[in-house]
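Here is a short briefing on one protein model and its ligand. Look over the sequence and the structure first, then read the points below.

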Amino acid sequence: MMKRNKIGQLIVISGPSGVGKSTVIAEVMHRRENLFFSVSYTTRSPRAGEQGGVSYYFVDNEEFQRMIRENELLEYTSYQGNYYGTSLKLIQEKMQAGCDVLLDIEVEGGGNVRKKDQNAVLIFVVPPSFEELSRRLYGRRSESEAVIQGRLKRAREEMKEIPNYNYLVVNDSVEDAANDIISILNAEHCRIDKQYLNVEVE
Ligand code: 5GP
């Protein structure tokens, strides 16, 4: 009998704002069991339709600073004038329970996660083209011109980090992108070079 040590896998998904990460992630979550989405903490205001505790935990600056001071965050960053961070306690509990944990975070956070967990799998999602990204951001109609221009500029910078990621997924259709991510997760679970795979042969 071969038995695996069941510690969950940490998965980072990054990609430019507007690439459709949330939709792809929702599709992956819908189709895959034993996968937990880490809801981040942020100081930014909710967009139309966003619910506290679902998209993010929306907190004020003071509360965010308290979380930093008390080491409650696995990683955090300042992005376009707001703070974003990942709760350490929540993801540790899930991983210990054998559940995979998915993080939707930007590239600086991705790099910090990799430093803390060498086994983390980093996936970068790109739009089919830069024009398409621009079209999607304007189509969202929730942000000012200045914010959109800031996000497009940041997108170009973020794409430079692609070589630090393990996998690249093109989001031309939600279904295909979700399929790719699920295939990556399946492959990662079959790898024999992960330290936590203490295979017992009886
Ligand atoms: P948005 O404001 O569009 O929801 O998110 C802006 C960026 O922040 C996205 O690239 C998203 O992936 C990233 N982000 C969301 N939560 C976190 C987090 O907890 N940590 C880090 N480092 N980035 C995050």
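A polar contact here is a pair of N or O atoms within 3.5 Å. Within protein, one atom must be able to donate a hydrogen and the other to accept it. The model is predicted.

**Helix α3**
- Helix α3 covers residues 88-96, and S87 caps its N-terminal end.
- A side-chain oxygen of S87 lies 3.4 Å from the backbone nitrogen of L90.
- Just after α3 comes G98, with a positive phi of about 90°.

**Around the ligand**
- The ligand is surrounded by 17 residues.
- S40, R44, Y56, Y84 and D104 are the closest of them.
- By class, this shell holds seven charged, six polar and four nonpolar residues.

**Polar atoms at the ligand**
- An N or O atom in the side chain of E106 is 2.7 Å from a nitrogen atom of the ligand.
- At G85, a backbone N or O atom lies 3.1 Å from an oxygen atom of the ligand.
- At I105, a backbone N or O atom lies 3.5 Å from an oxygen atom of the ligand.
- How much of the ligand does the protein bury? Taken alone, the ligand exposes 510 Å², and the protein buries 96% of that.

**The largest pocket**
- The ligand takes up the space of the largest pocket.
- Two elements give two or more residues each to the shell around the ligand: β6 (73-79) and β7 (82-87).
- The volume of the largest pocket is about 820 Å³.
- The largest pocket is lined by 36 residues, and S22, R44, R47, Y56 and D104 are the closest to its centre.
- Which elements each supply at least two residues of this lining? They are α1 (21-31), β6, β7 and α6 (145-159).
- Helix α1 gives the most to the lining, with six residues.
- By class, the lining divides into 13 nonpolar, 12 polar and 11 charged residues.

Notes. Residues numbered from 1 in each chain as written. Predicted model: local features only at pLDDT ≥ 70, side-chain atom pairs only at ≥ 80, totals over all residues. Heavy atoms only, no water. Near = heavy atom within 4 Å. Areas by Shrake-Rupley, 256 points an atom, 1.4 Å probe, with all protein chains shown as cover. 1 Å grid on protein atoms, 1.4 Å probe; cavity = no way out; pocket = protein on both sides within 12 Å on 5 of 7 lines; lining within 4 Å. Sits in = over half its atoms within 2 Å of the grid points. Helix = DSSP H or I, 4+ residues; strand = E, 2+ residues; numbered from the N terminus. Nonpolar A, V, L, I, M, F, W, Y, C, P; charged D, E, K, R; others polar. Points joined across faces, edges and corners; volume = space filled by probe spheres on them.
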